[in-house]
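Colleague: Hi! I'm new to this one, could you walk me through it?
Modeller: Happy to, here it is.

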Amino acid sequence: MRIGFGYDNHRLIAGRTLMIGGIDIPSPVGEDAHSDGDVLIHAIIDALVGAVAKGDIGGHFPPSDERYRDADSKELLKETLKITNADIINLDTTVILEKVKLKPYIEEIRKTLALILNTDIDRISVKAKTHEGVDATGHGESVEAYAIVLLNNP
Ligand code: MG
């Protein structure tokens, strides 16, 4: 078994879609990014490649590469599974977002991730919290995500 950890953050700006775990979340602001900016999937990708010690998301999907402009992060996650080539025992994640409540979308996010990751929903955990009004994330200027994954037979 191998364990992996990932983190990501993105600035939140008007005129962008807020993508969290493959779901378009209704919000006046969204992630500023070269790709679709899905902060949760990006943290998961870093956890997966981290578990197999194969670099990071920026190395595999460089923001300088025009192929990844507005890229669907769900597709990047599918590509990442080929890199890790392992079964997922479980994935635990936390999203930190101040102004938009994620609770109504958590089950849909878990279902979406389980489908892409080819595993059961009871192995996928998605938690949401605020930053208690502190710092940029607490002022609603950014969104953050943490992910930890355990792999079998990498
Ligand atoms: Mg990112």
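## A first walk through the model

Modeller: Let's start with helix 1, which is mostly covered, with twelve of its 13 residues buried. Here buried means under 20% relative accessible area, exposed over 50% and partly exposed in between, using a 1.4 Å probe and protein chains only. Helices (H or I, at least four residues) and strands (E, at least two) are DSSP runs, numbered from the N terminus.

Colleague: Before we go on, what kind of model is this?
Modeller: This is a predicted model, where local features need pLDDT of at least 70, side-chain atom pairs count only at pLDDT 80 or more, and totals for chains, interfaces and linings use all residues. Residues are numbered from 1 along each chain as its sequence is written, and side-chain values use heavy atoms, with hydrogens and water left out.

Colleague: Thanks! Which residues of helix 1 are buried?
Modeller: Among them are V39, L40, I41, H42 and D46.

Colleague: And how far does helix 1 reach?
Modeller: From first C-alpha to last, helix 1 spans 19 Å, close to the 18 Å expected at 1.5 Å a residue for its 13 residues. That expected span is 1.5 Å times one less than the number of residues. Just after helix 1, A53 takes a positive phi of about 50°.

Colleague: Switching to the metal, which residues are the protein donors of the magnesium ion?
Modeller: D8 (OD), H10 (NE2) and H42 (ND1) are the protein donors, lying 2.1 to 2.2 Å from the magnesium ion. Donors are N, O and S atoms within 2.8 Å of the metal (3.2 Å for Na, K and Ca); water is not among the atoms, so sites may look incomplete.

Colleague: Where do D8 and H42 lie?
Modeller: D8 is in strand 1 (residues 2-14) and H42 is in helix 1 (residues 39-51), so the pair ties together parts that are 34 residues apart in sequence. Both D8 and H42 are buried.

Colleague: Now pockets: how much space lies in the largest pocket?
Modeller: About 190 Å³. On a 1 Å grid over the protein atoms alone, a pocket is an open set of points where a 1.4 Å probe fits, with protein on both sides within 12 Å along at least five of seven lines; lining residues have an atom within 4 Å of a point. The lining includes H10, H42, F61 and Y68.

Colleague: What about strand 1, which way does it pair with strand 7?
Modeller: Strand 1 and strand 7 (residues 142-152) pair in the antiparallel sense over ten bridges. Two strands pair if DSSP finds at least two bridges between them. In strand 7, S142 stands opposite R11, and I148 is the bridge partner of F5. Strand 1 is also joined to strand 4 (residues 29-31) by three bridges, and these two run antiparallel. There, A14 stands opposite V29.

Colleague: Which other strand pairs with strand 7?
Modeller: Strand 5 (residues 87-96) does, antiparallel over nine bridges. V95 has A145 as its bridge partner in strand 7.

Colleague: Last one: is N118 buried or exposed?
Modeller: N118 is exposed, with a relative accessible area of 70%. N118 lies in the loop between helix 4 and strand 6 (124-129), and has a positive phi of about 60° although it is not a glycine.

Definitions and conventions. Grid points are joined across faces, edges and corners, and a volume is the space filled by probe spheres set on the points.
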